[in-house]
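This briefing goes through one protein chain, topic by topic. Please keep the sequence and the model open while reading.

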Amino acid sequence: MKYFKYQNILILLSCFLTGCNEHKPSSVTYLAGDFHQHTTFTDGTLSLPYLMEKNYYFDLDWWANSEHGGSSIRNGMLSGFDCNGGKAVFWNPDSIKGRVESAPGSDNQIHRKMWRWQSIMDFSFSGIIEARKRYPDKIIFQGVEWNVPGHDHASVCIIGNEFSTLPDAAAVAEFEYKFDDRDTDDSGANGWIKSSNSGHDKALEAIEWLKQNYRYCAWVIPNHPERKGKYVISDFRDMNNICPEVCFGFGSMPGHQKAPERGEYSRRSNSTGDCTYGGTGIMAAKVGGLWDAMLSEGRHWWLFANSDFHDTINDFYPGEYERTYVGVRSKDAKGIVDGMRSGNAFVVQGNLIDQLGFYIGNSSMGECYHAKSRSIWIKIKIHDNGNLDHVDIIRGRVSGLLSPSSAAYNIDTVGTTSVIARFDSTGGVVDLAGVKSMKWKDLGDGYKEMTFKVENVTGDSYFRLRGTNLGISVP
């Protein structure tokens with residue numbers, strides 16, 4: 001693979017934003033993870049135990065089993081190319097709860113479906129518990145890939161009681177039953193009341209429910225948002241407005257990176273932007289595009305990557321190619337959720353880098369820095385695994401949140417964002433836009449250091465980084 005690329009998110013620089021003060025850097029450890037992967041519990045090809053082993057093999061520190069809501073006829077613990085001779089094992093109909101619904105299996109017989117809420121609560125989570133016992137130094141979540149009403153998919157995870165003395169996954173199962181667009185079970189299971197809304201209103205109701213019940217211990221991250229053209233910027237603004245503590249970013253660096261159409265993005269699928277760019281969707285890849293429009297409001301809206309593993313034909317295993325590194329203050333489940341929400345994270349493809357320090361003063365990624373003068377220093381330190389060509393510093397202006405009644409609320413571009421500096425191994429290379437590279441300081445053993453002075457700081461801004469193994473001006 002030639003098109004390795006990473007992007008990571010910003011520091012908000014603010015003289016005026018509430019609560020943004022200079023402070024001592026917090027002590028964080030960066031943990032590599034993946035929050036979106038599929039097994040034979042839904043439409044994956046490998047069993048849950050086998051895929052748990054692959055997460056471990058590729059040295060992830062944390063991961064979440066987050067696969068489709070709805071229903072399935074296969075037992076994900078026993079079915080898969082890795083076991084039982086590749087033959088599917090179907091659910092015993094006597095063990096299935098909820099409304100009866102059936103579908104043909106690979107043996108051409110009709111089998112009763114199990115609703116995803118039950119397979120999560122009664123079976124998949126048992127596999128997660130076993131994986132925790134087998135890999136006690138890893139943090140393993142049970143999540144779900146939400147079929148978002150009116151849209152495409154989103155990864156959802158709720159800590160709930162998953163890590164308590166008597167753990168259960170009832171919280172994420174209840175969410176799936178109530179709000180998944182493909183779960184049509186209306187049996188009133190467990191006394192749960194199903195949402196009667198539809199479309200975008202139902203999606204917002206679901207995030208409101210998380211806000212009321214699991215505000216600081218859950219995430220909603222829209223997956224591959226460009227792939228089917230079913231998300232626009234007003235959707236993200238609405239979702240973030242409902243609960244920024246739960247919905248705080250997107251997976252615009254999608255999985256399926258091995259697929260012939262990278263990320264499975266294509267014009268034929270009505271993908272926004274038609275394809276990926278260096279493996280990244282246009283919402284994050286375009287300078288001055290949708291992501292920058294969100295950041296220019298001062299929104300804490302971060303970029304994440306995941307494998308979206310289904311099979312070895314179109315996908316890399318979790319951790320094999322893409323990783324999200326999250327800065328945590330505590331090496332536990334709550335620390336992961338807090339770290340993701342904080343924005344102190346960076347995403348990587350192809351193991352391009354594995355360490356990053358990005359500071360203005362004592363403030364790091366996702367934090368605010370109170371500028372005391374009209375000049376600031378940006379400091380960057382990276383550990384390069386041998387293929388890094390250059391690093392860009394991108395700056396945008398922060399103007400404040402837009403009102404939903406404003407015409408600008410539907411606009412997904414912004415004209416105040418640009419590449420302001422670039423670093424490479426030689427310096428002096430000028431791109432087509434006239435940006436001239438500066439030489440980074442080589443510290444040896446793969447470590448590179450960069451410093452840049454920003455002059456004439458007169459208002460609120462944000463800064464983010466982008467790096468690649470591709471040469472300057474390569475499309």
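**Helix H5 and the overall fold**

Helix H5 (residues 233-242) is largely enclosed by the rest of the structure, because seven of its 10 residues are buried. Buried means under 20% relative accessible area, exposed means over 50%, and partly exposed lies in between (1.4 Å probe, protein chains only). The model is predicted: local features need pLDDT of at least 70, side-chain atom pairs count only at pLDDT 80 or more, and totals for chains, interfaces and linings use all residues. Residues are numbered from 1 along each chain as its sequence is written, and side-chain values use heavy atoms, with hydrogens and water left out.

**Surroundings of H5**

- The buried residues of H5 are Ile233, Ser234, Asp235, Phe236, Arg237, Met239 and Asn240.
- These buried residues pack against H4, E10, strand E11 (249-253), helix H6 (282-285) and helix H7 (290-295); contact means heavy atoms within 4.5 Å.

**Whole chain**

- The chain has eight helices and 23 strands; helices (H or I, at least four residues) and strands (E, at least two) are DSSP runs, numbered from the N terminus.
- The C-alpha trace spans about 70 × 50 × 45 Å along its principal axes.
- Of the 475 residues in the chain, 58% are buried.
- Among contacts with a separation of 6 or more, 75% join residues 24 or more positions apart.

**Surface and charge**

- The chain exposes about 18,600 Å², and carbon and sulfur atoms supply 49% of it; accessible areas come from the Shrake-Rupley method with a 1.4 Å probe, and for residues only the protein chains shown count as cover.
- There are 50 positive and 57 negative side chains, with the centres of the two sets 5 Å apart.
- Lys and Arg count as positive and Asp and Glu as negative, while His and the chain ends are not counted; the place of a charge is NZ of Lys, CZ of Arg, CG of Asp or CD of Glu.

**Nonpolar cores**

- The largest nonpolar core has 111 residues, and those with the most contacts inside it are Trp62, Phe141, Trp146, Ile158, Trp219 and Met340.
- Helix H4 (residues 199-214) gives the most to this core, with seven residues.
- A second, separate core of five residues includes Leu51, Phe58, Phe309 and Tyr317.
- A nonpolar core is a set of buried Ala, Val, Leu, Ile, Met, Phe, Trp, Tyr and Cys residues joined through side-chain atoms within 4.5 Å.
- Not counting residues up to four places away in sequence, Trp62 touches a list of residues including Phe141, Trp219, Ile336 and Met340.

**Helix H8**

- Helix H8 (residues 333-342) is largely enclosed by the rest of the structure, because seven of its 10 residues are buried.
- Its buried residues are Ala333, Gly335, Ile336, Val337, Gly339, Met340 and Arg341.
- The strands that these buried residues pack against include E2 (29-34), E3 (62-65), E8 (139-147) and E13 (322-328).
- Just after H8, Gly343 takes a positive phi of about 85°.

**Two loop residues**

- Asn92, in the loop between strand E4 (71-72) and strand E5 (102-104), is partly exposed at 43% relative accessibility.
- Ser406, in the loop between strand E18 (390-397) and strand E19 (418-424), is partly exposed with a relative accessible area of 25%.
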